[in-house]
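Subject: The structure you asked for

Hi,

Here is the structure, with the sequence alongside. Have a look first, and then read on for what turned up in it.

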Amino acid sequence: MLKDSKIWRGVALLFFLAFCVGARAETDSLEARVAVLEEELQRQNEAAALKKESDAKKPSAKIGGRFHITTSGFSQDDAAKEIADFESGAEIRRARISVAGDFLDQYNYKLEVDFSSGGDVSIKDAFIGMTHLPIASDLRVGHFKEPISLERLTSSNNIWFIERSAGCSMFDKYLFGRSLGVSLGNASQKKDFSWSLGFFSPVDDKKVEYQNDNDGYGLTLRIAKLLWEDSSVGGNLHVGFGYSYKSWDEKQSMDWAPELETAFAETLVRTGTFYGTGATHTFVPEFFWSLGSLAFQAEYFIAQLQNDSYDNPTFTGGYAQVSWMLSGEHYDYEKGRGILKGIVPNAHFARLCKEGIWCAGPGAWQAIYRFSWADVSDLNTSMSGKVFDHTLGLNWILNSNTRVMFNYILSTNKFENRDDDAVVSAFVGAFQLHF
């Protein structure tokens with residue numbers, strides 16, 4: 001019996017030793033496999049880091065564009081016909097191609113040209129930018145929009161009406177347009193406050209070069225603050241302020257003329273050509289509020305001209321507009337820049353859901369109204385006066401890139417030195433596509 005017990009203990013000891021040796025071998029094998037996996041993972045991470053660094057040095061390129069067609073029809077009273085006879089018609093309002101991208105992590109660029117100017121090519125944007133600077137997050141050098149006015153800075157793809165307001169368009173000719181210059185900008189950490197400051201000289205869009213020795217130079221500043229935001233209810237409250245100083249050679253000619261807010265329209269109220277402006281000071285307070293499907297936007301434009309020959313006149317303009325999304329969408333506000341983005345329909349009109357299967361929806365429907373005005377009566381000439389426009393509109397936004405727009409405009413032109421007001425009605429339609 002004792003002998004059998006010793007035998008079994010010996011067998012058990014052998015099994016135990018065999019198990020320990022096997023376990024040790026298994027552990028060594030597992031550790032070896034883990035080491036191989038860790039080495040492979042490190043190699044892949046190093047390769048990914050090298051690829052990321054290499055890709056960052058290569059310029060990226062994104063092709064974009066927009067295609068806007070506008071058609072207009074007019075009705076005039078006798079007083080308006082005495083000044084100009086408006087002709088109905090259609091035109092390609094914008095036909096642009098752009099390429100934009102970035103390189104070396106903190107550099108970016110954009111080049112955009114427009115082919116709609118009667119066969120001529122106009123350069124819209126042509127700039128190089130730099131980000132992540134110690135003082136400012138955005139440095140830009142080249143040809144681009146001056147940082148002033150919420151309506152002017154919002155893309156023509158995203159403004160509510162077919163054209164910008166009469167006041168904005170009038171100021172745009174001398175003060176708000178794209179110019180050659182350099183700008184700095186930054187935003188707070190929460191992106192609820194932003195500022196931009198730039199030094200510019202006006203240029204010819206077709207050549208992007210100084211036009212002549214009479215061109216001015218200027219300083220433009222804009223600050224924007226998002227006072228309140230509640231994304232759950234589509235709520236935003238934005239205020240902003242812009243200032244622009246332009247210095248002109250006194251030989252520079254000017255003719256301030258508020259345009260009717262559509263293509264093909266002649267200008268009725270205007271200052272006529274005058275000279276002797278040494279400088280202009282422009283002030284632009286701005287306001288935007290949205291809650292759910294309702295939104296309100298307004299700006300006031302003030303330009304003070306230093307011109308002793310005409311008693312230093314002041315020109316003004318502005319607008320107040322309201323929008324209601326009939327289909328329930330909210331308004332997209334771009335924090336950090338303080339501008340409005342496009343409206344994205346809750347249900348696109350038509351899109352390819354699956355291979356061979358189309359999904360259809362109503363798109364987005366937007367009802368809009370705007371009151372705008374422009375006043376050049378402070379310069380007392382034969383055609384100077386004031387313009388008051390009422391515009392009703394309906395937009396059908398098929399998808400994020402396409403919309404059909406209808407505007408009815410009633411424009412009243414009041415002259416300082418003419419007895420009768422000139423009244424013009426315009427029926428305007430537009431098809432807009434961008435990508």
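Predicted model: local features only at pLDDT ≥ 70, side-chain atom pairs only at ≥ 80, totals over all residues.

**The chain as a whole**

The protein chain has four helices and 20 strands. Of its 435 residues, 43% are buried. If you take the contacts between residues at least 6 apart in sequence, 62% of them join residues at least 24 apart. The accessible surface is about 22500 Å², and carbon and sulfur atoms account for 58% of that.

**The negative patch**

Asp249, Glu250, Asp308, Asp311, Asp378 and Glu416 come together on the surface as a patch of negative charge. One of them, Asp311, sits in the loop between strand 11 (294-306) and strand 12 (314-325). Why do I call Asp311 exposed? Its relative accessible area is 68%, and exposed means over 50%.

**The nonpolar patch**

Strand 7 (193-201) and strand 8 (217-230) each put in at least two. Phe241 belongs to strand 9, and with a relative accessibility of 35% it is partly exposed.

**Salt bridges**

Side chains of opposite charge can pair when their charged atoms come close. How many salt bridges does a search of the whole structure find? The count is 21. Here are a few to click on.

- Arg93 and Glu163: the closest N and O atoms are 2.7 Å apart. This pair links distant parts of the chain, 70 residues apart, with Arg93 in strand 2 (residues 89-103) and Glu163 in the loop between helix 3 (150-153) and helix 4 (166-176). Arg93 is partly exposed at 27% relative accessibility, whereas Glu163 is buried at 9%.

- Asp172 and Arg152: these side chains meet at 2.4 Å, N to O, in a salt bridge. Asp172 is in helix 4 and Arg152 in helix 3, so the pair ties together parts that are 20 residues apart in sequence. Asp172 has a relative accessible area of 23%, which makes it partly exposed. Arg152 comes in at 8%, so it counts as buried, the limit for that being under 20%.

- Asp421 and Lys414: another salt bridge, with the closest N and O atoms 2.8 Å apart. Asp421 is partly exposed at 30% relative accessibility, and Lys414 is partly exposed at 35%.

Some salt bridges also join up into a network, which links Arg66, Arg96, Lys110, Glu112, Asp114, Asp125 and Arg178.

Ser75 is in strand 1 (residues 62-76). Leaving aside residues up to four places away in sequence, what does Ser75 touch? Its contacts are Val423, Val424 and Ser425. Asp85, 10 residues from Ser75 in sequence, is 9.7 Å from it in space, C-alpha to C-alpha. Is Ser75 buried, exposed or partly exposed? Its relative accessible area of 39% makes it partly exposed, since that class runs between the 20% and 50% limits.

Gln252 lies in the loop between strand 9 (235-247) and strand 10 (279-291). Despite being in a loop, Gln252 is buried, with 14% relative accessibility. Gly276 is 24 residues from Gln252 along the chain, and their C-alpha atoms are separated by 7.1 Å.

Cheers

Conventions
Residues numbered from 1 in each chain as written. Heavy atoms only, no water. Buried < 20%, exposed > 50% of the residue type's maximum accessible area, 1.4 Å probe, protein only. Contact = heavy atoms within 4.5 Å. Patch = residues over 30% accessible without salt bridge, like charges linked within 9 Å, V, L, I, M, F, W, Y side chains within 5 Å. Areas by Shrake-Rupley, 256 points an atom, 1.4 Å probe, with all protein chains shown as cover. Salt bridge = Lys/Arg side-chain N within 4 Å of Asp/Glu carboxyl O. Lys, Arg positive; Asp, Glu negative; His and termini not counted. Charge placed at Lys NZ, Arg CZ, Asp CG, Glu CD.
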